[in-house]
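The sequence and the model come first.

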Amino acid sequence: MSGAETVFVVFSVLSFAYFVVLDLLYLTLTALAWVDLRKKLWRRNYLGLDEVFASPLTPGISVLVPAYNEEAGIVESVRSLLALRYPRHEVVVINDGSKDGTIDALVEAFDLVPVRQAIREGIATARIRTAYVSRPHPDLLVLDKENAGRSDALNAGVNAARYPYVCMIDADSLLEQDALLKIAKPLLDQPGSLVAAGGTVRVANGCRIENGQVLDVRLARNRLAVVQTLEYIRSFLVARVGWGRLNALGLISGAFGIYDRALLQTVGGLWVDTVGEDLELTLRLHRYLRERGEPYRIAFVDDPACWTEVPEDFATLGRQRRRWQRGLWESLRRHRTMIGNPRYGIVGVLVLVYFAVFEFLSPIFALLGLLLTAALWAAGVVSTGYFLSMLAVSVVLGVVLSTAALAIEELSFGRYKRRRDVLRLMAYTVVESIGYHQVHLTWRLLGYVDIVRGKTEWGEQKRRGLARPTPTAAPRP
Amino acid sequence: MTLFVVIAVLAVLGAVAVLAALEHRTWLTRREARRRETANRLRPSALALIDGEDPQVPTLSGPDTLVFADLLVHYSRGLRGEADDRISGYFESTGAVDRELRHLHGVRERSRVEAAFGLGDLGSSRAVPELVRALDDRSADVRAAATRSLGRLGATTAVQQVIAASVALRVPRAVAGAALLEIGPQAVPSLLELLGHEDPHFRADAAELIGLLGAANDADALPSRLRDGSPEVRAATAAALGRLGSGTARDELVATLQDRVPYVRASAARALGQIGGRTATAALLEVARHDEFDPASEAARALARIDPALVLRAAEEPDSGPHLLEAADRLRL
């Protein structure tokens with residue numbers, strides 16, 4: 001064996017080990033999700049949501065909706081948010097300098113009147129041009145501010161929020177009627193310690209939607225949307241539930257999460273100079289609270305759902321995933337002291353290491369390692385048995401994990417009522433593992449290019465990343 | 001090679017699990033459809049029973065009995081008084097209450113939770129002593145369900161025990177609080193005692209619940225808590241005084257506007273707005289103009305309730321500050 005061959009074989013073996021560790025981790029998360037499901041399934045009937053709704057002790061929540069060029073859907077979206085089943089909530093729409101008629105549509109539909117609204121100065125944001133309140137809806141506040149990106153808009157919303165908790169969502173996603181009640185339930189059960197909670201994000205493509213509500217859950221026709229549906233199920237109902245059980249939730253999706261408002265102001269709100277603001281914020285909260293040794297909990301609640309539209313073409317999806325990779329890099333760089341640091345407990349030694357090794361570096365091992373092994377096998381350097389084992393741990397196990405996730409979804413929620421839809425999802429577990437996953441890893445690999453280029457083109461990148469291109473701002477699964 | 005076969009077999013098992021889950025789901029859907037059908041058929045009889053029109057309870061068998069019970073439970077959640085009594089009478093007559101009481105002592109946690117939760121909906125006060133005992137169950141879910149049910153039954157005799165379970169951290173405070181709110185004003189004397197508890201969380205909860213349940217004369221015990229060592233208690237006390245609307249505490253609340261903790265000042269300002277009376281306006285005006293965001297914002301809102309004309313005048317002055325401007329604009333809506 002030549003020197004180069006030896007290096008290649010060592011790298012291939014390393015990749016093999018990488019897959020084995022990753023598989024064991026995912027299998028553990030799946031097992032945890034299964035245990036959680038068994039524990040929670042029947043308890044759902046005894047949550048007492050009616051009592052939560054009726055109780056004067058239920059804390060108020062301000063729903064923050066950043067809007068950039070959302071003229072088409074914003075009115076319907078706000079209407080359905082105002083009608084959410086929750087005893088005390090307000091809706092704060094932050095128009096992020098839209099170039100279309102977003103503001104005019106809102107003024108017209110809700111009879112908005114400009115007021116000199118007092119707004120906290122806690123987090124620095126771009127200038128707010130006008131604040132509007134609605135005559136018929138006292139629980140609606142609209143801020144019209146200069147364009148500075150989604151994070152800046154949300155920060156302005158945090159400054160203006162009236163209630164002790166804020167719920168961050170996207171203007172084009174839909175919250176289910178009971179979503180706030182369900183996500184607020186842990187606030188009542190563990191008052192004081194819960195600082196943030198994330199809910200499930202589901203794929204809305206293909207569903208029948210009327211008046212801002214999902215009426216009929218269907219699977220999209222578009223293949224890419226179907227694969228993402230599966231990806232989201234696996235990511236939310238298995239991975240997040242599993243991490244949540246370990247009390248190590250590393251990411252609350254930007255599309256649906258609630259936060260303690262005062263804490264957000266203390267830590268300075270969302271970081272506006274990153275495209276991975278949701279991940280960065282979750283990590284920063286962990287860091288801030290752990291450095292102070294304060295007892296806290298960041299929870300994942302699988303029951304409440306937010307429906308969002310995902311990209312249906314390769315170009316848009318590719319851009320989104322490359323952006324996530326860049327956002328991941330920015331978050332990891334900012335919090336690099338946490339990586340593997342026992343001072344931050346399980347978040348440091350497990351979650352950050354997972355993000356760094358198994359997410360950020362995944363293209364190197366999972367894609368290049370697999371390709372290299374295939375090449376070595378073709379060249380007769382490694383045995384067929386080894387190559388098949390590599391395929392088993394890299395690709396076939398993906399099918400195992402996805403089918404397990406799908407079974408958990410069917411047993412726990414069963415949102416997809418049509419037999420055909422479930423069978424199609426099952427067939428796509430193969431497509432996802434063989435083909436889609438590798439394409440996904442290629443996008444992540446290209447993300448490295450963006451990261452390197454980004455260093456020199458920061459100004460331009462910053463503008464492009466922050467102005468929210470629709471509909472790619474969908475949350476990462 | 002072996003690894004490949006093992007994982008491939010796992011993948012096939014995964015697919016089988018999905019198919020099994022799908023079958024299960026289809027079965028559940030069909031059962032649900034049948035139940036809905038039965039419910040529609042039985043609804044008139046259920047309503048007749050609730051209205052007391054038809055003392056003859058229909059003879060039911062098997063699954064019909066369960067559906068009928070679910071219907072009654074559904075209605076009982078929104079009812080009080082005689083109609084509720086008729087529902088509990090029905091459940092007594094069918095032996096459902098006895099059955100659930102037996103399940104409350106079952107071995108399986110699930111059946112105990114179901115029984116503890118269900119007894120609240122069956123409406124029989126006979127369940128109260130057993131539910132009180134269930135507050136010591138080893139499962140947190142049984143304890144929470146029992147607490148909720150004691151609230152649903154309006155169990156005035158259980159107030160002390162519910163409070164004790166909450167204080168012993170055996171039941172979440174919010175669950176106990178919600179149950180006490182359902183039980184009503186009879187919980188107030190025990191809550192007044194709780195005001196002296198050593199843990200500030202419980203003193204604050206007590207003050208808050210007294211504010212929600214108490215009458216004006218219960219307010220007399222509260223003002224001393226405005227000088228409590230814990231800001232949480234001071235804020236909750238101010239909020240309670242505001243809800244009770246008792247004018248006797250006005251001066252003490254005005255003094256609380258000088259508290260060193262902003263959210264206590266905010267709470268005092270809101271309370272003064274609820275109580276009303278012009279003697280507080282000068283102090284509120286000062287807070288609205290110069291204090292931090294939350295107290296100033298509450299003070300401006302309070303002033304808008306007490307004396308709108310004053311707010312409109314004050315907003316014209318050069319040192320009005322953002323909160324009075326906002327309050328004035330909102331008054332003009």
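Two residues are in contact if their C-beta atoms, placed from the backbone, lie within 7 Å. Helices (H or I, at least four residues) and strands (E, at least two) are DSSP runs, numbered from the N terminus. This is a predicted model, in which local features need pLDDT of at least 70 and side-chain atom pairs count only at pLDDT 80 or more, while totals for chains, interfaces and linings use all residues. Residues are numbered from 1 along each chain as its sequence is written, and chains are lettered from A and ligands numbered from 1 in the order in which they are written.

**Helix pairs**

In chain A, A:Leu328, A:Trp329 and A:Leu332 of H10(A) meet A:Phe355, A:Ala356, A:Glu359 and A:Phe360 of H11(A). These contact residues comprise 6 nonpolar, no polar and 1 charged; here Ala, Val, Leu, Ile, Met, Phe, Trp, Tyr, Cys and Pro count as nonpolar, Asp, Glu, Lys and Arg as charged, and the others, Gly among them, as polar. Axes are lines fitted to C-alpha atoms, for helices over the stretch in contact, and angles run from 0 to 180 degrees between N-to-C directions.

| Helix pair | Angle | Axes |
|---|---|---|
| H10(A) and H11(A) | about 150 degrees | 11 Å apart |
| H16(B) and H18(B) | roughly 35 degrees | within 9 Å |

H10(A) and H11(A) cross in the left-handed sense, whereas the crossing of H16(B) and H18(B) is right-handed. A crossing is left-handed if the near helix is turned anticlockwise from the far one by less than a right angle, and right-handed if clockwise. The contact of H16(B) with H18(B) has 7 nonpolar, 3 polar and 3 charged residues.

**Spans listed in UniProt**

An unreviewed UniProt entry lists residues 6-35, 346-379 and 385-408 of chain A under "transmembrane region"; such annotations may be inferred rather than shown by experiment. Residues 346-379 of chain A are 94% helix and 0% strand, and their end C-alpha atoms lie 43 Å apart. For residues 385-408 of chain A the end-to-end C-alpha separation is 32 Å, with 100% helix and 0% strand.

**Buried elements of chain A**

A residue is buried if 20 or more other C-beta atoms lie within 10 Å of its own, exposed if 12 or fewer, and partly exposed in between, with C-beta atoms placed from the backbone. Strand S8(A), residues 194-203, has 9 of its 10 residues buried, so it is largely enclosed by the rest of the structure. Helix H5(A), residues 150-160, is also largely enclosed, because 11 of its 11 residues are buried.

Strands pair if DSSP finds at least two bridges between them. S8(A) pairs with S12(A), residues 297-308, in the parallel sense over 9 bridges, and A:Val203 stands opposite A:Thr308. With S11(A), residues 256-260, S8(A) pairs in the antiparallel sense over 3 bridges; A:Ala197 stands opposite A:Ile258 there.

S11(A) also pairs with S6(A), residues 165-169, in the antiparallel sense over 5 bridges, where A:Cys167 has A:Ile258 as its bridge partner. In S11(A), 5 of 5 residues are buried: A:Phe256, A:Ile258 and A:Asp260 point one way, and A:Gly257 and A:Tyr259 the other.

**Contact between the chains**

Across the interface, 39 residues of chain A are in contact with 38 residues of chain B. H1(B) gives the most to the chain B side, with 14 residues. That side has 24 nonpolar, 5 polar and 9 charged residues.
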